[in-house]
Amino acid sequence: MEALTFDDVHVHFTLEEWSLLDPSQKRLYKDVMLENYRNLTTIGYNWKDHNIEEHSQNDRRYGR
């Protein structure tokens, strides 16, 4: 069994795709991604391979 990676659980929406989601879908995305971050951190995932600040800024840019 291969190790789980951030890319396995991260969902990226384009700005156009994000604009098509209703508020409840955006909240669900946020909740699921936060749970994914927590779960990966709990199992000792190595975040230094990913720029979390960049992902966070992208999320804020799209109003996530």
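pLDDT is the predictor's confidence in each residue, from 0 to 100. This is a predicted model, and its mean pLDDT is 77. Helix α2 (residues 15-20) has the highest mean pLDDT among the elements, at 95. Helix α4 (residues 52-61) has the lowest, at 54. The protein has four helices and zero strands.

**Confidence**
- Of the residues in the protein, 70% reach a pLDDT of 70 or more.
- Where pLDDT is low, the predicted coordinates should not be read in detail.
- Helix α4, with its mean pLDDT of 54, is the element with the lowest value.

**Overall layout**
- Along the sequence, the pattern reads α-α-α-α.
- The protein has 64 residues, and 28% of them are buried.
- Take the contacts between residues at least 6 apart in sequence: 64% of them join residues at least 24 apart.

**Helix α3**
- Helix α3 covers residues 23-42, which is 20 residues.
- At 1.5 Å a residue, α3 should span 28 Å. Its end C-alpha atoms are 29 Å apart, which agrees.
- Tyr29, Met33, Asn36, Tyr37 and Leu40 are the buried residues to look at in α3. They lie on the same side of α3, because they cover an arc of only 100 degrees around the axis.
- An α-helix has 3.6 residues a turn, so residues three or four places apart point the same way.
- The other side of α3 carries exposed residues: Pro23, Arg27, Leu28, Arg38 and Thr42.
- Gly44 follows α3 and has a positive phi, near 85 degrees.

**Nonpolar core**
- The largest nonpolar core has ten residues in all: Phe6, Val9, Phe13, Trp18, Leu21, Tyr29, Met33, Tyr37, Leu40 and Tyr45.
- Helices α1 (6-9) and α3 each supply at least two residues of this core.
- The largest share, four residues, comes from α3.
- In soluble globular proteins, nonpolar side chains tend to be buried together.

**Leu40 in focus**
- Leu40 lies in helix α3 and belongs to the largest nonpolar core.
- The relative accessible area of Leu40 is 2%, so Leu40 is buried; the cut-off for buried is under 20%.
- Val9 is another residue of that core. Leu40 and Val9 are 31 residues apart in sequence. In space, their C-alpha atoms are 9.4 Å apart.

Conventions:
Residues are numbered from 1 along each chain as its sequence is written. This is a predicted model: local features need pLDDT of at least 70, side-chain atom pairs count only at pLDDT 80 or more; totals for chains, interfaces and linings use all residues. Side-chain values use heavy atoms; hydrogens and water are left out. The expected span of a helix is 1.5 Å times one less than its number of residues. Buried means under 20% relative accessible area, exposed over 50%, partly exposed in between (1.4 Å probe, protein chains only). The arc is that of the directions from the helix axis to the C-beta atoms. A nonpolar core is a set of buried Ala, Val, Leu, Ile, Met, Phe, Trp, Tyr and Cys residues joined through side-chain atoms within 4.5 Å. Contact means heavy atoms within 4.5 Å.
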